[in-house]
Amino acid sequence: MNVKICDVEFEMGGPYLTELRDSGDIRHDMDALRARMQEDGYVLIRGFHDRDKVLKAREQILQKLERMGKLQPNTDLTEALIGEGQRGVMFGGTNTDLPAYLDVVNSPDVMKFFEQFLDGEPRTLDYKWLRAVSTGGFTGAHYDIVYMGRGTPNLYTLWTPFGDTPIEMGTLAILLGSQHFEKIRQTYGQMDVDRDSIEGWFSRDPLELVQKFGGKWATTHFEAGDAIFFGMFLMHSSTENTTNRFRISCDTRYQLDSEPVDDRWIGDKPKGHTAKADHQRINMEDARKKWGLA
Ligand SMILES: O=C(O)CCC(=O)C(=O)O
C-alpha cells in the first residue's frame, strides 16, 4: 500500500514507513505503559474511548459542518462528503457548543486514565484542537513543544479520530526515534512560535527528515474509539487526505494539575496564539540554516 505522508509517497513496509504498535494489551499496566512511552515515544490504544460516544460526537460535529454548508447537500450525514470546493475547518477553542465531543475528550474515563498514567491529579488544557480536514489537507512535521511549551514539558497530546479513519483519509504519522534528535531538541525544540515569531512546522518533507536525521515513519488505520498519545518532543505530521470525505479528529492535552500550565490554553476564553500570520514570521528554512540543520 502506498501512503502519502504530508504529500510525499511511501510504501507501507518499505524502508521509510512501518505500522504503529498497539499497546492495548498493556493498557491497564501503567508501569508498562510508561516504559512503552520511554521506548517508543508514543502509546497507541485501540478502543481507548467508548466507540458509541465517539460516533455520537461525530454526528454532532457533522451537524455543525452541515449548518456551515460544508457538506454535500442531500447526502448521508455520516459519510461526511465534502461539499463542492469546501476547505477544511479548524474548530480551535473550548467547543462548548459540542457537548458530545467534550464528553469524549474530557470524560471521567480519560481523566482517570491520565491520573493513573501521570500518577497524580490530572488536568486537560481547556483549548482543544478539533479539525475537519478536506481533500489534499495534511499537517507538516513538528514538535508540539513550540506551540504549547510555556508550562510543564510533561504534557501529553492525545490524538483522537472521530470516525473510522483509514490512512488515506489523513491519520497521525510519527517519526520513530525523533524524541532523541538532540540537535533538533536544542534548537527548534527551544522555540515558541509566539515569542519567537517563527513558523511552527519544522518540515513539509518527511523523506528529507529521515535522510538527514534518521528514524522511520509510522502510521496506521484508525477506527472510531482508537487514540494515540505522545510527548512534546516527538516529530509528527499527518498523512494526506486523498478522499472526498472530511477527516475529523482532534488533539487534546493532559498534564499534572500540580505542574505549571501554559496560560494561552486555559480558562473559559483561552487567549490562544498571539503570533503574526505565517508569512510574517521567521521562515523555518532560514532558521534551520542558522541552526546548522538545513
Ligand atoms: O491532526 C493533524 O493533522 C495533526 C495533529 C497534531 O499535530 C497533533 O496532534 O499535535
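Threonine 139 has a polar side-chain atom 2.5 Å from an oxygen atom of the ligand, a polar contact in the sense of a pair of N or O atoms within 3.5 Å. Keep in mind that you're looking at a predicted model, where local features need pLDDT of at least 70, side-chain atom pairs count only at pLDDT 80 or more, and totals for chains, interfaces and linings use all residues. Residues are numbered from 1 along each chain as its sequence is written, and side-chain values use heavy atoms, with hydrogens and water left out.

Aspartate 144 places a polar side-chain atom 3.0 Å from a ligand oxygen, and for tryptophan 159 the distance from a side-chain N or O atom to an oxygen atom of the ligand is 2.9 Å. On its own the ligand has 290 Å² of accessible area, and the protein covers 99% of that (areas come from the Shrake-Rupley method with a 1.4 Å probe).

So who's in the shell? It counts 14 residues, and Thr139, Trp159, His236, Arg247 and Arg253 come nearest (a residue is near if one of its heavy atoms lies within 4 Å). By class, you'll find three nonpolar, six polar and five charged residues there. β8 (156–161), β12 (236–238) and β13 (247–256) each supply at least two of the shell residues, with β13 giving the most, four. Strands here are DSSP runs (E, at least two residues), numbered from the N terminus.

Last, the rings: the structure holds 22 aromatic pairs, meaning ring centres within 6.5 Å. One of them joins tyrosine 143 and phenylalanine 233, edge-to-face, at 5.6 Å centre to centre and 75 degrees between the planes (over 60 degrees counts as edge-to-face, under 30 as stacked, the rest as tilted). This pair links distant parts of the chain, 90 residues apart.

Technical notes. A polar contact is a pair of N or O atoms within 3.5 Å; within protein, one must be able to donate a hydrogen and the other to accept it, and residues adjacent in sequence count only if both atoms are side-chain atoms. Ala, Val, Leu, Ile, Met, Phe, Trp, Tyr, Cys and Pro count as nonpolar, Asp, Glu, Lys and Arg as charged, and the others, Gly among them, as polar. Rings of Phe, Tyr and Trp (its six-membered ring) pair if their centres lie within 6.5 Å; planes under 30 degrees apart count as stacked, over 60 as edge-to-face and the rest as tilted.
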